[in-house]
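Trainee: Could you walk me through reading this model, one feature at a time?
Mentor: Gladly; let us look at it together.

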Amino acid sequence: MTAYVLPPPPVNSLAVSGSGERFPVRRILCVGRNYEAHAREMGKDPTREKPFFFMKPADTIIDDGATMPYPPLTANLHYEIELVLAIGKDGANIPEDRALEHVWGYAVGLDMTRRDLQTEAKDHGRPWEWGKAFDHSAPIAPLHSVAKVGHIAKGRIWLAVNGKVKQDQDVADLIWSVPEIISICSKSVELKAGDIIMTGTPSGVGAVVKGDRITGGVAGLGEIAITIG
Ligand code: MN
């Protein structure tokens, strides 16, 4: 057995709906601009240009029901409701028609974003990490296994702040579908069991402040609720 000079960090994980077991998370891959109306609201032309990816560390995950501390260095913390998928089987160069075989399950998640830092990074041609990959930036509700709920290709995706609906679209509106995302991503990096992918947010993103209550959902996957603290 390997000996370590420090205690190894804990395994980051997601709750699994209806189970006492958790899904161990290796890393979080995120798709940028994957709904037309959101690409437009971010000032971009929603053509089917190749999708692009960024990452969050696995330790940014917080569970449903948590209070997310308002993060440092920002005055413009944004919510982004997203369909999240969890990879259960390793694969590189996965063909589109085999892609769904690699999905273990789906969840509702939030790609919380320090929009001011992201915008500054974009303006200067710098990486997005400080806008996207900060502590507690990935609230994710319990995973639902494909064995129980099947695959998610359509259905309402929505988010509300203090009960007022801000994002309301359909997962069928994804520019790049779940199989396409998995296939394209796996040509760049080998996907491993434990990877999760956040598939992009619909239009209607906006800021939250301390004390706000964010709720959201995807049809068939239940809901998420967090408080900004
Ligand atoms: Mn996003």
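**Strands, cores and a metal site**

Mentor: Let us begin with a pair of strands: E13 and E14 run antiparallel to each other, joined over 6 bridges. The model is predicted, so local features need pLDDT of at least 70 and side-chain atom pairs count only at pLDDT 80 or more, while totals for chains, interfaces and linings use all residues. Residues are numbered from 1 along each chain as its sequence is written, and side-chain values use heavy atoms, with hydrogens and water left out.

Trainee: What do the strand labels and the word "pair" stand for?
Mentor: Helices (H or I, at least four residues) and strands (E, at least two) are DSSP runs, numbered from the N terminus. Two strands pair if DSSP finds at least two bridges between them. In general, strands of a sheet pair through backbone hydrogen bonds, either parallel or antiparallel. Here, Leu159 stands opposite Gln167 in E14. E13 and E14 form a hairpin with 2 residues between them, and Asn162 in that turn has a positive phi of about 50°.

Trainee: In what order do the strands of the open sheet lie?
Mentor: The 5 strands follow the order E6-E18-E17-E13-E14, with mixed pairing. Its edge strands, E6 (67–68) and E14 (164–170), each pair on one side only.

Trainee: How many bridges link E13 to E17?
Mentor: E13 (residues 156–161) and E17 (residues 213–218) pair in the antiparallel sense over 5 bridges. Ala160 faces Thr215 in E17, and Trp158 has Gly217 as its bridge partner there.

Trainee: Why is E13 described as largely enclosed?
Mentor: Buried means under 20% relative accessible area, exposed over 50%, and partly exposed in between (1.4 Å probe, protein chains only). E13 is largely enclosed by the rest of the structure because 5 of its 6 residues are buried.

Trainee: Which residues have the most contacts inside the largest nonpolar core?
Mentor: A nonpolar core is a set of buried Ala, Val, Leu, Ile, Met, Phe, Trp, Tyr and Cys residues joined through side-chain atoms within 4.5 Å. The largest has 41 residues, and Met112, Ile182 and Ile214 have the most contacts inside it. Among the elements that each supply at least two residues of this core are E13, E17 and helix H5 (178–188). A second, separate core of 18 residues includes Ile28 and Met198.

Trainee: Which residues coordinate the manganese ion?
Mentor: Donors are N, O and S atoms within 2.8 Å of the metal (3.2 Å for Na, K and Ca); water is not among the atoms, so sites may look incomplete. Glu80 (OE), Glu82 (OE) and Asp111 (OD) coordinate the manganese ion at 2.0 to 2.1 Å. Their spacing in sequence is E-x1-E-x28-D. Glu80 is buried at 4% relative accessible area, and Glu82 is buried at 1%.
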